[in-house]
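Please look over this structure with me.

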Amino acid sequence: MLAVVPARERTFLEEMNNFNFPESRSLKLKEVMGYDRRRLVEPGVCISDLAVFGLKHLFERGLLKPDEIDGLFVVTQTPDYFMPPTSNVIQGRLNLKQDAFCLDISQGCAGFVIGLIQAFSLLEQENVKKVVLINADVLSRKTSPKDRNIYPLVGDAAAITIVEKDAADSVIHASVKMDGTRNEVLMIPAGGMRLPSSPETAVLEDVGDKNLRAKDHLFMDGSAVFNFVQTEVPPLIEDTLKDAGVAMDAVDYFLCHQPNRFMLQKLADKMKVPHARMPNNVVERFGNSSGATIPIAVMINLAERVKTGDCLACLAGFGVGMTWSSMLMRLGGLSFCELVDYA
Amino acid sequence: MKPIAHILKEIRPEFDFTASNDFMADGMLDSFDMVTLVATLDKTFGISIPGTEIVPENFQNIGTIEALLRKCGVKL
């Protein structure tokens, strides 16, 4: 596993004057939500830039060879283009072989588990040995600096996971659920074919709570998302563990997507999981980078353990769609697990 | 123990919370204030208000907040 994060770091304290709120209220929010620092791309930087940088890093260090890549999945909500697929752009920029199976998957915060499921499926093919899974987003480019609901929490990143067959007999359990009836609680209203971007969709509007946002920007109904996570995620995890015949106490770590510290602490309390077994320190250091937060959580909390040993980990992602996913696996035997800066 | 009105006043000093029956509708609390309030109540009373209870109906006025605290085992 490798994560690529932009070198450019911004702090909440630097940015809080953008918001139309008294400083004392912003500081309370910082403390509760865990906002502190986040990584943001420079204008013009796309997910393929982060991904190509990361893959070249792996090639140069001899950790991966271009010709070994039999499949390339890119999970994102912020592709370089409407068309072509960003996976093809990356394939072309790196001159990967033509029989590498490239596919973009339109998913976000639940996308690490979904991408892994797709990678596992492709690896069922006899001639497929290695699949590259890229979870990447540059959602900071679609947020309003005047929107306190969204702006302070978003970070940019790309996580690159090399998935390959293992001789050991180990079962991986996974569950995914989706509810399209709630698709409007987390969306970018303009920019697609339903509402193409125009000068009108770029106009900042007062959307209540003293926030200004355009239709071109990311919108989140925070209360609806919060309640969705608290209501839907615990039973999904319980079902996954039940299918596996594994007790909650037997799981070493619950590695959940990290929107903010408060949400994860409440999730851990509801599941009666000690906070130390559900890390929540990604958003305060890097921001919420969509499908990359779970791999980053592994890198900053468990890198040595997953390189030299293993742990029983329950992964859980949740977000746009709405989509929620969980996976129980022994996580270990990784040949690399690191985070590099993109400059 | 601080009264609820005092805790609310610390979050939004500009309002008199004893004079409203619907903090949200009257624009005295927004969703982030609600989060700040929950974190403060958790700390003050040594509880963890369940995430599924963090809905506007439970934070409409001092009476509904007190009812929520009682539901969480707080003796007021």
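Predicted model: local features only at pLDDT ≥ 70, side-chain atom pairs only at ≥ 80, totals over all residues.

1. Residues are numbered from 1 along each chain as its sequence is written, while chains are lettered from A and ligands numbered from 1 in the order in which they are written.

2. Start with the sheet in chain A. It is open and has 6 strands, in the order β5-β4-β6-β7-β1-β16. The pairing is mixed. Helices (H or I, at least four residues) and strands (E, at least two) are DSSP runs, numbered from the N terminus. Two strands pair if DSSP finds at least two bridges between them.

3. Which strands stand at the edges? They are β5 (101-105) and β16 (338-342) of chain A. Each has a single partner strand, so one side of each is left without a neighbour in the sheet. On average, neighbouring strands of this sheet are turned by 15° against each other, direction ignored.

4. One pairing shows the detail. In chain A, β4 (residues 71-75) and β6 (residues 130-137) run in the parallel sense, with 5 bridges. F73(A) stands opposite L133(A) of β6(A).

5. Two helices lie across strands of chain A. Helix α4 (residues 86-93) of chain A lies across β4 and β5, at about 130° to β4(A). Axes are lines fitted to C-alpha atoms, for helices over the stretch in contact, and angles run from 0 to 180 degrees between N-to-C directions. Residues are in contact if their C-beta atoms, placed from the backbone, lie within 7 Å.

6. These helices also meet. α3(A) and α4(A) pack at about 40°, with axes 10 Å apart. They are therefore oblique to each other (under 35 degrees is roughly parallel, over 145 roughly antiparallel, 65 to 115 roughly perpendicular, the rest oblique). I47(A), S48(A), A51(A) and V52(A) in α3(A) meet T86(A), V89(A), I90(A) and R93(A) in α4(A).

7. Finally, the chain contact. 15 residues of chain A are in contact with 12 residues of chain B. On the chain A side, α2 (23-33), α6 (222-244) and α7 (261-271) each supply at least two residues. The largest share, 6 residues, comes from α6(A).
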